[in-house]
Amino acid sequence: MRTQVGIVGAGPAGLLLSHLLHLQGVESVVLEARSRQYVEERVRAGVLEHGTVNTLKEAGVGARMMRQGLMHHGIELQFAKRRHRIDFQELTGGKGVMVYAQHEVVKDLVEARLAVQGQLYYELEDVRVSAFDGSKPKIHFRRDGTAQELTCDFIAGCDGFHGICRPSIPARVLNIFERVYPFAWLGILAQAAPSSKELIYAYHERGFALLSMRSPEISRLYIQCPPEEDIANWPDEKIWQELQTRLGMDGWKLTEGSVLQKGITGMRSFVVEPMRFGSLFLAGDSAHIVPPTGAKGLNLAAADVRVLARALAEYYSSGKTHLLDAYSETCLRRVWKVQRFSWWMTSMLHRFAEENPFDQRRQLAELDYVTSSRAASTSLAENYVGLPLD
Ligand SMILES: Cc1cc2nc3c(=O)[nH]c(=O)nc-3n(C[C@H](O)[C@H](O)[C@H](O)COP(=O)(O)OP(=O)(O)OC[C@H]3O[C@@H](n4cnc5c(N)ncnc54)[C@H](O)[C@@H]3O)c2cc1C
């Protein structure tokens, strides 16, 4: 097999890259280890920045999102028994975010690729990349038990944090920056109408809690928990009780419902530099991870592949490599600003085991400042709706 761009991973980064390349006349093949059903049902992120929404709309894959997604123009910050709204619309000149589940974005992208006979291969085994320090890189894999090879001009490593592309780059050329947080999120997906029109981020003495949603019928709720927590110790009633304690207010209770899914996710900040080695380009979670507090993981993946698609299209139309050469630097400027924001939201809203009463007063003062100063609220709002795309 041969193509121009071989893409490892059919998550949001790989699929969007393949679609954007197609729109610019560049051929690609997407190779995925899991089944199509698994990838399309994997519940993860759900908040799309203003720029991500526009990217999907401009690429012709935003129609269902515009019909079914929920446009939000603010969030609530809850602390010291009060809620304070951050009004994105007013603070950012009319911008907002779209609540639309990541797996729905994935379904829309898969449909768009298949509608034009895009090449997507699922359930591949032993995926491996080679010769990417030369001009004819290869991706090797087994399909239905048979060994196959894809020769390409470039490889896009869109295979997430646990993929094979990043570890294939010689360790000596990579710089890794990492912070692992001393807590995790216990999250549930519940058949319950969201109890609030907008997301509520709660700072509570028992730990952080988040009220989010995926649709008018489905709530997505999280509580901070120890990283080593076992989900088996959390029957549904105990989770609802903890959520009621952390999110509840006088005269206000969460609407409960049946728990459809539950799980515990560790929290880390991670960046690898550079995001390119030879003809292998890393994009999305394969290059960076953010704690989910800022709702940025999926958006950062979309921003990377926008830059990569444009650089590859420029190369194929003019032979110029300047955008490809600048890929890593261009992406990392955004990555680090998003890392800063995600770290800041996480540090402001969570309880840390080593903190003392001074730190708690400081966190409360920070929340008070963010919600009472227009300059501070604007800073939160412009980062949350998404910094401008290049
Ligand atoms: C449990 C969980 C909850 C999350 N919740 C949020 C949230 O609430 N808000 C938020 O903003 N972000 C959240 N994120 C992060 C967000 O989902 C990711 O940032 C986003 O999925 C990144 O997209 P990606 O395409 O780069 O990587 P991925 O979505 O991880 O896609 C990578 C793809 O590569 C495939 N793959 C891996 N290895 C191979 C291989 N060897 N060969 C072929 N294919 C391979 C994988 O199966 C996968 O389909 C969450 C992540 C997780 C894990």
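A crossing of two helices is left-handed if the near helix is turned anticlockwise from the far one by less than a right angle, and right-handed if clockwise. In this predicted model, local features need pLDDT of at least 70 and side-chain atom pairs count only at pLDDT 80 or more, whereas totals for chains, interfaces and linings use all residues. Residues are numbered from 1 along each chain as its sequence is written, and side-chain values use heavy atoms, with hydrogens and water left out.

Helix 1 passes helix 6 in a left-handed crossing; helices are DSSP runs of H or I with at least four residues, numbered from the N terminus. The angle between helix 1 (residues 12–23) and helix 6 (residues 102–115) is about 35°, and their axes lie 9 Å apart. Axes are lines fitted to C-alpha atoms over the stretch in contact, and angles run from 0 to 180 degrees between N-to-C directions. Contact (heavy atoms within 4.5 Å) joins P12, L15, L16, S18, H19 and H22 of helix 1 to Q102, V106, L109, V110, A112 and R113 of helix 6.

The protein chain is divided into domain 1 (5–72 + 96–177 + 268–347) and domain 2 (181–267 + 354–385), with bounds from an automatic or database domain assignment. Their centres, taken over C-alpha atoms, are 28 Å apart. The contact takes 29 residues from domain 1 and 25 residues from domain 2. The area buried between the domains (accessible area, 1.4 Å probe, lost on putting the two parts together and summed over both) is about 2,100 Å², with 64% from carbon and sulfur atoms. V43, H72 and W344 supply 23% of the area that domain 1 buries against domain 2, more than any other three residues.

Notes:
Helix = DSSP H or I, 4+ residues; strand = E, 2+ residues; numbered from the N terminus.
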